[in-house]
Amino acid sequence: MPDTRTAAAALDPTALERFGIYAASVSKADLSADVIHAAKRCVIDWYATTLPGAIEAPATMLEKALADELDRGAATLMLGRRAAVRTAALINGTASHTVEFDDIYAPAIYHPGSPTIAAALAVGQARGASGDAFLRAVIAGYEVSTRIGAAMGRAHYKYWHNTGTIGPFGAAAAVGLLVGLDGRQHGHALATVATFAAGLQQAFRGDSLSKPLHAGHAADAGVLAALSAEHGLLGAPAILDAAGGMGEAMSNVPDWAAAVADLGRSYNVKRITVKNHGCCGHAFAAIDGALALQAQHKFAAVDIVSIDVGGYSATVDVTGNYLHGTPAAAKFSLPFLVASALVHGSIRLDAYTPQRLGDATVDGLMKRIKVALDPEVDALFPRQRAARLKVQLVDGRVLDHFQPHRVGDPDLPLSDEQLDTKFNELAIPVIGEASAARLLARLWSLEGEAGLAFTQTLR
């Protein structure tokens, strides 16, 4: 009996071929002002999270490891050091995912900015791209990769880290647009990069520095696949949707027809979460709920008998632990994050200083915090990230709170002014107030920039 899927594939374009045709079309698409504006927000947020990551491990370790690929080349690292294109994509992509402030597309359980923008910037610098072309590349990368990630879904996230496995598609789509791939070539770039997809969740279920490299590897892989397709390298176009393809091997046979159905009509770049806390996003709803209760009822850490947090599966599996001895571990410990937020008022970069990590009040409170699966909250995941909290106080009060969304989600978005504040908070300590102000102003007018030279020397 013939394989009907193979026969159908011979007649109809595969999912990747459809994605490739779409990605190539973005170079001349009639994009509305709100789509361009959303893309600029993503780029500004990318710079905000990448600058502090650029001066921390593991990005600084990669600079040492790859020293023979630096101080030459047509791209730059964040602070202006010259680099080969792939090296810049790798290190900047890693830096962007380091301080855990990078953006999220919730339905795909995925950080699109870190790999997509790192790859686009490196190639855009090398190829002399305009600001408009760069933004279009970012849009193409976001639209393709977020749909692939959403289609792969929750089943994929059971073991895989989507930023590592889905990020390569965003990077390849963005770079393909910048180097002028046609639809067919774009499809082959995406097909090739599918087989580079990698990143296991075990990398961040303990004290490890390898998680940020998932984003860096994704950016590098996308550059390699797109540049190779430019020179004729062919991929396997059915690698997503064929029997034994990525969808079947790494998920539960996604609905690819639904994934491509609204391309060019609906824009996921307008539905991006901007992080408001410097930690794993699976802890955000609990942090927001705890701070909302504290603001309403005016209690302190010493007033708390216990806190019960009901979360979705990833909240429990990824952040429901008490490891907090290092910054890398503490960013994935919900008990620490909620306790530290209640004691100190926020989770920003200073949450991971030695003094904060060793705070006795925080340590005492986190031992009174329990995390458990809430079936109703879990049923909302991944499209909605919620938490349910029950706080018992020493005066006998029991406070219940349902946090339906995270601050920064599309349903509770940060304004442009709040995004500016986040940018300045994270960028100024690295490049200074004057340089940060100049960079921010130019990023807000990016579509009118003739080139990206201003991105190559930031201080």
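# A guided tour of a predicted protein model

Of the 459 residues of the protein, 58% count as buried. The structure on the screen is a predicted model, and every value in this tour is computed from it.

**Stop 1: the whole chain**

Begin with the complete protein in a cartoon view. It contains 22 helices and six strands. Its radius of gyration is 22 Å, close to the 23 Å that the globule rule gives for 459 residues, so the protein is as compact as a globular protein of that length. Along the principal axes, the C-alpha atoms fill a box of roughly 70 × 60 × 40 Å.

Next, display the surface. The protein exposes about 17000 Å², and carbon and sulfur atoms supply 55% of this area. Contacts within the protein may also be considered: among those between residues at least 6 apart in sequence, 76% join residues at least 24 apart.

**Stop 2: the cavity**

How many cavities of 30 Å³ or more does a search of the whole structure find? The search finds one. The volume of this largest cavity is about 140 Å³. To locate the cavity, select His111, Tyr157, Cys280, Gly281 and His282, which are the closest to its centre of the 17 residues that line it. Colouring the lining by class gives seven nonpolar, five polar and five charged residues.

**Stop 3**

Proceed to the second largest pocket, which has a volume of about 270 Å³. Its lining consists of 16 residues, and those closest to the centre are Glu56, Thr98, Pro327, Ala328 and Lys331. By class, the lining of the pocket comprises nine nonpolar, three polar and four charged residues.

**Stop 4: a covered helix**

Select residues 334-344, which form helix H17. Is this helix mostly covered or mostly uncovered? Helix H17 is mostly covered, with nine of its 11 residues buried. The buried residues are Leu334, Pro335, Phe336, Leu337, Val338, Ala339, Ser340, Ala341 and Leu342.

**Stop 5**

Select Gly20 in helix H2 (residues 15-25). Gly20 has a relative accessible area of 0%, which is under the 20% cut-off, and is therefore buried. Leaving aside neighbours within four places in sequence, Gly20 is in contact with Gly183, His186, Gly187 and Leu190. For a distance across the model, draw a line from Gly20 to Met78: the two are 58 residues apart in sequence and 30 Å apart in space, C-alpha to C-alpha.

Thr192 is placed in helix H10 (residues 183-194). Why does Thr192 count as buried? Its relative accessibility is 11%, and buried means under 20%. Not counting residues up to four places away in sequence, Thr192 touches Ala225, Leu233, Leu234 and Gly235.

Now select Arg459, in the segment after helix H22 (433-444). Is Arg459 buried or exposed? Arg459 is exposed, with a relative accessible area of 59%. Apart from residues up to four places away in sequence, it touches Leu79, Val430, Ile431 and Ser435. Arg459 and Val269 are 190 residues apart in sequence and 29 Å apart in space, C-alpha to C-alpha.

**Stop 6: details of the backbone**

Most residues other than glycine have a negative phi, and most peptide bonds are trans. The final selections depart from these patterns.

- Select Ala57 and Pro58, which are joined by a cis peptide bond with omega of about 10°. Pro58 lies in the loop between helix H3 (33-54) and helix H4 (59-65).
- Select Phe381 and Pro382, where the peptide bond is cis, with omega near 10°. Pro382 belongs to the loop between helix H20 (375-380) and strand S5 (387-393).
- Select Asp71, which is not a glycine but has a positive phi of about 65°. Asp71 lies in strand S1 (residues 70-76).
- Select Ile109, a residue other than glycine whose phi is positive, near 50°. Ile109 is found in the loop between helix H5 (85-96) and helix H6 (113-127). Ile109 is buried, with a relative accessible area of 5%.

Key: Residues are numbered from 1 along each chain as its sequence is written. This is a predicted model: local features need pLDDT of at least 70, side-chain atom pairs count only at pLDDT 80 or more; totals for chains, interfaces and linings use all residues. Side-chain values use heavy atoms; hydrogens and water are left out. On a 1 Å grid over the protein atoms alone, a cavity is a set of points where a 1.4 Å probe fits but cannot get out, and a pocket is an open set with protein on both sides within 12 Å along at least five of seven lines; lining residues have an atom within 4 Å of a point. Grid points are joined across faces, edges and corners, and a volume is the space filled by probe spheres set on the points. Ala, Val, Leu, Ile, Met, Phe, Trp, Tyr, Cys and Pro count as nonpolar, Asp, Glu, Lys and Arg as charged, and the others, Gly among them, as polar. Helices (H or I, at least four residues) and strands (E, at least two) are DSSP runs, numbered from the N terminus. The radius of gyration is taken over C-alpha atoms; the globule rule is 2.2 Å times the number of residues to the power 0.38. Buried means under 20% relative accessible area, exposed over 50%, partly exposed in between (1.4 Å probe, protein chains only). Contact means heavy atoms within 4.5 Å. Accessible areas come from the Shrake-Rupley method with a 1.4 Å probe; for residues, only the protein chains shown count as cover.
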